[in-house]
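Here are my notes for your first read-through. Keep the structure open beside them and check each point as you go.

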Amino acid sequence: MAIKKSAKLPQTAVLKQILKRCSSLGKKQGYQQENEYPEDVPKGHFAVYVGINRTRYIVPISLLSRPEFQSLLHQSEEEFGFCHEMGLTIPCDEHAFESLTSMLLR
């Protein structure tokens with residue numbers, strides 16, 4: 001299952017919005033300039049929070065194009081929306097998320 005295409009926005013625009021929201025989270029966490037990011041998030045990656053404990057994972061942007069990851073993003077949108085303070089939260093068991101991402105990154 002992929003992210004639903006809005007009547008107004010194509011899928012690539014939706015993915016760009018997700019990335020922009022992920023990047024703008026740094027501003028909410030005290031990073032004043034747009035080009036400042038947390039030091040532990042390398043260029044080409046973004047942070048997600050997974051599971052009940054909201055464990056933080058750093059994942060490559062390349063996962064955004066994978067249908068399996070898009071399914072997780074769709075579930076996240078349905079459960080949390082994109083207007084919450086914690087950052088991009090994935091409603092998935094941590095073990096399942098680790099298994100999925102390790103499979104996708106091979």
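What percentage of the 106 residues of the protein chain count as buried?

1. The figure is 35%. Bear in mind that this is a predicted model. A residue counts as buried when its relative accessible area is under 20%.

2. Next, the layout. The protein chain has three helices and three strands. Read from the N terminus, the order is α-β-β-α-β-α.

3. Now the contacts. Take those between residues at least 6 apart in sequence. Of these, 52% join residues at least 24 apart.

4. Find Val59. This residue sits in strand β2, which covers residues 55-60. Val59 has a relative accessible area of 4%, so it counts as buried, the cut-off being under 20%. Leaving out residues up to four places away in sequence, Val59 touches Gly44, His45, Phe46, Val48, Phe69 and Phe97. Leu105 is 46 residues from Val59 in sequence, yet their C-alpha atoms are 9.5 Å apart in space.

5. Phe69 leads us to helix α2, where it is one of the buried residues. Helix α2 spans residues 67-80, 14 residues in total. From first C-alpha to last, α2 reaches 20 Å, close to the 20 Å expected at 1.5 Å a residue.

6. Check what comes after α2. Gly81 follows the helix, and its phi is positive, near 70 degrees.

How values were computed. Residues numbered from 1 in each chain as written. Predicted model: local features only at pLDDT ≥ 70, side-chain atom pairs only at ≥ 80, totals over all residues. Heavy atoms only, no water. Helix = DSSP H or I, 4+ residues; strand = E, 2+ residues; numbered from the N terminus. Buried < 20%, exposed > 50% of the residue type's maximum accessible area, 1.4 Å probe, protein only. Contact = heavy atoms within 4.5 Å. Expected span 1.5 Å × (residues − 1).
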